[in-house]
Every structure is written in structure tokens, then in C-alpha cells.
Amino acid sequence: PKARLTLDPHFTVGPVNRRLFGSFVEHLGRSVYDGIYEPGHASADAEGFRQDVIELVRELGVSAIRYPGGNFVSGFRWEDSVGPRSERPRRLDLAWHSTETNEVGLHEFSSWLEKVGSELMLAVNLGTRGTAEALELLEYSNISSGTTLSEQRIANGATDAFGVRMWCLGNEMDGPWQLGHRSADDYGKLAAQTARAMRQLDPELELVVCGSSSAQMPTFGSWERTVLEHAYDDVDYISCHAYYEEKGGDLGSFLASSVDMDRFIDAVIATADHVKAVRGSDKTINISFDEWNVWYLERYKADDKITGIDNWPIAPRLLEDAYSVADAVVFGSLLISLLKHADRVTSASLAQLVNVIAPIMTEPGGPSWRQTTFFPFAVTSRLARGSVLTPRLESERYDTAQYGTVPLIDAVATHDEESGETSVFLVNRSQDAPATVTIDVSALGAALLVSAQTLSDDDVTATNTLDDRERVGLADNDTVVVAGGEVTVTLPPVSWTAIALA
Ligand code: AHR
């Protein structure tokens, strides 16, 4: 296949927001316990956090981290997770059929965030709880001193307020699996009321109202409309969640997952703007894409769910998907989709970070390693700078069973006016042929190649595992030629590539 990409710094989608490179740590499986936290591990610091994991999270380049769930948050009592550890209760986590020991809570997590250099994004429980408890958590977190809850925080060891700016008003409240699942009307009212109350306490907050759990939900579209009819004036973002997996061996459709993500985002923007028009509002609601990834959800539903009235394990192995080369290529194109919508998707969280559908894996008492998906995230987070250029791409196309006829090449570029640096991210969806892409950079002035790296493999099912931790990685792409205002590159079949130009 062949494709042509034209870059022009005069035409931009919007700024690259660092918040696009957020992630998510949920009390789920071995994400926290035996993931970021393992006191007995050789690399554990004085607080019990694995320093090898801290280093990998830093290398990944993660901005805000959403916490503590996910489905978990809809049954979570935040007070359980603060105060002397020996007095913290053990609770049933109904979402994941596990026992939550509360050994790691708000204070420990916020201390870990300082070590990894990321910002806290908190979710409140609007499943089994409501406005009053959200206000209490906000007071505990953001009031400096002088009230019962802020003084309690200080007594518990945090002299400075946590100063949390981004808050999620519950999680996936449209999902029948969610504790406290509600109709769009009921949730919209509760979210609006909670948002107003929270802003009365702290007007600087940025608030995310729950959109649909996926574009496949039966209420998708009408859920967003109804919720925003109630909460439009009180929130800043509506959330999107999307997970993709290869189904029935249809790799062609799977590789086109970002086409679906593009359509999903466009539909949510259209719905939010419809509510804006009806209200005659001059405020624009943006998207917090606060759960996205490849996730073999069908496998989890069929094989991994924990059941039994006497079976509530602590930190069980759950959702530990091992990602293949093909998964990482799809993952890279999901990042391309987020960047293409940088004007309206201004925050995003990769779900999740460690062990649970994660780019970073750990073995208790053993090593940690990078999954295949680690590489597109780390490189995109590092190289995407300045503004996203309006994508002008002509590409050959192919037919898919799920999404119709789609481009074989997916691409986006960013340009930083100050440093003059340009980065191009490309995916070849062809399963059998290399692609030649010509990038017209004449409008950028002189362009010099800084680096070009590709993720691909003859075996697209190859993964990194405990026994073979570096099986898949990035390789220099030495096919790049820069000449006469054009860059040409050859992309192997089923591959993801990043090119840095200066
Ligand atoms: O990320 C795993 C789960 O996916 C989250 O807990 C939930 O919000 C979503 O359904």
C-alpha cells in the first residue's frame, strides 16, 4: 500500500494537552497490592512501594492518574482508607468479588504519585453513596486546615491539602453491573446536584460527568443527552470509555478499532453540542476519555470471574492480559485517534497501569517488565509536543467486516513551534504488505531526521512474558529518507512507527 501525508503547521487541531497521557489505578486484582505496592520485595522503598515499578511508570510518561476506580469506587468508603493502618477495616469489594484490606489508601497513593511525578484524579462514589460523602472527601482532600476533616487529614500525616483538581462524578453509572446503577435522569440529577455542591466548596474543580460505558450500550447517545440536559452548566467534561479486542479471529476489523473510536468521539461531541445548541449556551463540554485500551473482556467474562459466598481473595490475578504485537499496533492507533481529536478530547486515561490490563507487569518477589503496549504509549507521550496538525492523509483502503472500508494507514503529526520539532505517528494495518508513506514536510522548512522507531514482528501474536520479558520491543526504522521537502518511510505489515524530525 501507499499513502501520502501532508503536514502544514498553519493548520492545527489544537494543543497537545499533557492530560491526554493519563492513566488509571484501580483497587482491582494486583494493580495496587503486588503491583505498585509490595513491602517484602527487594526493590521496595521504606513505604513498601516497588521502585522498579516507579521507574517504569516514570519512563512511561504518565500525567494524571485516575483513582481508586472504576467499578470499585461505586462501593468504596473513602474513610476506610485513611488513618492508622491497624484500624482500617477489611471490606468486601463487590465489583471484583475480592477483599479490600485498605492497607493502601488516599495518603499512601498520593505519596506514591509524588514519587512517579503524576497528578491525582479522584473519583467519588455515586453508586452506594451521594453528595454528602463526596463533599466530605473533598473537604478532607482540599481544605488546608481548621475543619474537622482537614484536621483529620493533618493528623493522619498530610500537612498540605492534596489539592485535587480533576474529579469524576461516579463511574459507568449507565452499566447494569454498576453498584447503584441509575437511569440517565436519576444519575443526571444526582451528578448535577453533587457537582454544584462540590463547586460551592471549591470553585476551581474540573468535573467529569459519566458518559456511556461504551458506544455499544443500548442507551448510548440518549444517555449523554439526558445527563447533559441536567448537568451541562455544572460540569466540564463528559467521559468516554472504550475497550477493543480481536473477536472471532477477525484481525482486519480489530486493526481498524481506532476508526470506531473516531466515530465514538464524533458522536459524543455531536451530542454534547446538540445540548449546547438547545440551551443556547456559550460553554463547550469536552471529553475525558478516562478508560481506553485493548481488553480481552470476553475472556474475562467466560473464564476469570470470581464467585462463591466464601471466596473473597485478596489481590487475585484478574484481567492480566498479555498483549501481542497486533494489540500494541491497535493501541498505538487509539493514541493517534485521541490526538486527532485534541481540540475536544482534552483528558484521557489509559486503563490501566500495572498488572490489570496494563503496560507494566510485575511478579511477586520477582521482576517487572514492559508489555508491548508500553512502547507506543511511552514514545507518543515523549514525542507529542506543541499542537496536533490537521491530518491530511490520502491512503489506500481495505474492507472490514465491522467498520466498512477503512484506510490502510493511520497517521497523525504534532509540531512544536518553539523548538521546531515535529513528530509523526503511523500505523500500517495491512496484514501482508509493507506500506510506503510519503510525508510532505515542505511547509515545515528544513527537516532533519532525529529518530524513527517501529514496533512490528514476523509473529504478530508475540508477547512479553515473565519468561521472555524482552521478546518484543522497538527497532530503529532505517528506511527513512529525507529529501526535497519529503520524508519517505516503509512501514512493515501490522506495525506502529514514530518519526521525530527537527
Ligand atoms: O478497567 C476495568 C473496568 O472497566 C473498570 O473498573 C470499569 O469502569 C470498566 O468497566
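These legends accompany close-up views of a predicted model.

**View B. Helix α11, residues 374-383.** Nine of the 10 residues here are buried, so the helix is largely enclosed by the rest of the structure. Among the buried residues are the aromatics Phe 374, Phe 375 and Phe 377. Pro 376, Ala 378, Val 379, Thr 380, Ser 381 and Leu 383 are buried too.

View C. Pro 68 sits in the loop that runs between β4 (64-67) and β5 (91-93). A cis peptide bond also joins Gly 69 and Gly 70, where omega is about 20°. Gly 70 belongs to the loop between β4 and β5 as well.

**View D. Asp 34, a non-glycine residue with positive phi.** Its phi is near 70°. You will find Asp 34 in the loop between β3 (22-24) and α1 (51-60). Asp 34 counts as buried because it has 22 C-beta neighbours inside 10 Å, and the cut-off for buried is 20 or more.

**View E. His 97, another non-glycine residue with positive phi.** Here phi is near 50°. His 97 lies in the loop between β5 and β6 (98-100). With 16 C-beta neighbours inside 10 Å, His 97 counts as partly exposed.

Definitions and conventions
Residues numbered from 1 in each chain as written. Predicted model: local features only at pLDDT ≥ 70, side-chain atom pairs only at ≥ 80, totals over all residues. Buried ≥ 20, exposed ≤ 12 C-beta atoms within 10 Å, placed from the backbone. Helix = DSSP H or I, 4+ residues; strand = E, 2+ residues; numbered from the N terminus.
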